[in-house]
Amino acid sequence: LLTDPNNRNDLYGTDFTLSGGKTIRIEGKAYFNNLTLSGNSTITTLSASTTAVSRAEIEVAGNLNIEVGSKIDVTDRGYLGAFRGNNTGNTGRTYGNTTVGGSTPNSGGSYGGLGGTGNGSPNAVYGDLTNPDEVGSGGGSNYDSSQPGGNGGGLMKITAGTLNVDGGIIADGGSTNNRGGGSGGGIRIEVGTLTGASTGTISAKGGTSPSYGGGGGGRIAIYYDTLTFPTANITAAGGAGGQNGG
């Protein structure tokens, strides 16, 4: 577990509660006996760059409980949009962490669904719907760093005996003021029992764009023995925009 980029705290094999509005970042895989997120706390990953993208996995032997207001959230943690971070061109980054084939001016990023078309074209869809194993793609921009494209959503894999989601598990793409939205990212869940209240959300939606291409939806795969979580609260829809993502 990372509390900051230079300080690793190994909490493997413990019962752990994250509370008090704290945020921690996971790099790679973290193991717990039981894990609770409460008090508006968040687990996320590191931000992407042009040379590295974080992918995270949480394995819980017993119970993973995400209370109302708390979340596992990798929104914006996927491939960089145009003029985001050290991605200085007007093309969003895509599969392989490259701008080759990425979304061009004002088009949304694609992953599970196709991004909306702006003045250019979205990148091609990719990945396996049964086994999400990639982050989402960034959106394009034809302007400059003052109006960047949205980043793609990140990747989170969760394995647990019981998973209760009253808060959120979110891998949405980044929204923009007026350029291409980032695509949704990836969520893979494998549990014995998945429960949760009507407040719970599992989401890999594309980012929105007021006038141009919304981001395409991400990928969500859930494997379970028993399900009482409201399935209407599971979504990987494209983001709204002048040209909607798929």
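How many helices and strands are there in the chain? In this predicted model, the chain has zero helices and 17 strands. Its radius of gyration is 17 Å, close to the 18 Å that the globule rule gives for 246 residues, so the chain is as compact as a globular protein of that length. Taken along the principal axes, the box filled by the C-alpha atoms is roughly 50 × 40 × 30 Å. Buried residues make up 52% of the 246 in the chain. The accessible surface comes to about 9400 Å², and carbon and sulfur atoms account for 45% of that area. Contacts also reach along the sequence: among those between residues at least 6 apart, 67% join residues at least 24 apart.

Side chains of opposite charge can pair when their charged atoms come close. A search of the whole structure finds six salt bridges. One of them is formed by Glu59 and Lys29, whose closest N and O atoms are 3.1 Å apart. Glu59 belongs to strand S7 (residues 55-66) and Lys29 to strand S5 (residues 28-37), so this pair ties together parts that are 30 residues apart in sequence. Glu59 has a relative accessible area of 28% and is therefore partly exposed. Lys29 is also given a relative accessible area of 28%, which makes this residue partly exposed.

Arg55, at 31%, is partly exposed. A further salt bridge joins Glu190 and Arg188, where the closest N and O atoms are 3.1 Å apart. Glu190 counts as partly exposed, with a relative accessibility of 38%. Salt bridges that share partners also gather Lys29, Glu57 and Glu59 into one network.

Asp166 is buried but has no salt bridge. Which side chain of opposite charge is nearest to Asp166? That side chain is Lys71, and it is 16 Å away. Leaving aside residues up to four places away in sequence, Asp166 touches Ile66, Glu67 and Val68, and also Gly196, Ala197, Thr199 and Gly200.

The loop between strand S8 (71-73) and strand S9 (155-165) holds Asn97, and Asn106 lies in the loop between S8 and S9 as well. The backbone of each deserves a look. Asn97 has a phi near 55 degrees, a positive value in a residue other than glycine. Asn106, which is not a glycine either, has a positive phi of about 65 degrees. Asn97 counts as buried because its relative accessibility is 13%. Asn106 has a relative accessible area of 0% and is likewise buried.

Strand S9 itself contains Gly161. With a relative accessible area of 30%, Gly161 is partly exposed. Beyond its neighbours up to four places away in sequence, Gly161 touches Val60, Ala61 and Gly62, together with Val191, Gly192 and Thr193. The C-alpha atoms of Gly161 and Gly96 are separated by 33 Å, the two residues being 65 apart along the chain.

Thr176 is buried, as its relative accessible area is 9%. A polar atom of the Thr176 side chain lies 2.7 Å from the backbone oxygen of Arg179. Not counting residues up to four places away in sequence, the residues touched by Thr176 include Arg84, Pro148, Gly149 and Gly150. Gly181, Thr208, Ser209 and Pro210 are also among them.

Notes. Residues numbered from 1 in each chain as written. Predicted model: local features only at pLDDT ≥ 70, side-chain atom pairs only at ≥ 80, totals over all residues. Heavy atoms only, no water. Helix = DSSP H or I, 4+ residues; strand = E, 2+ residues; numbered from the N terminus. Buried < 20%, exposed > 50% of the residue type's maximum accessible area, 1.4 Å probe, protein only. Polar contact = N/O pair within 3.5 Å; in protein donor to acceptor, adjacent residues only side chain to side chain. Contact = heavy atoms within 4.5 Å. Lys, Arg positive; Asp, Glu negative; His and termini not counted. Salt bridge = Lys/Arg side-chain N within 4 Å of Asp/Glu carboxyl O. Rg over C-alpha atoms; globule rule 2.2 N^0.38 Å. Areas by Shrake-Rupley, 256 points an atom, 1.4 Å probe, with all protein chains shown as cover.
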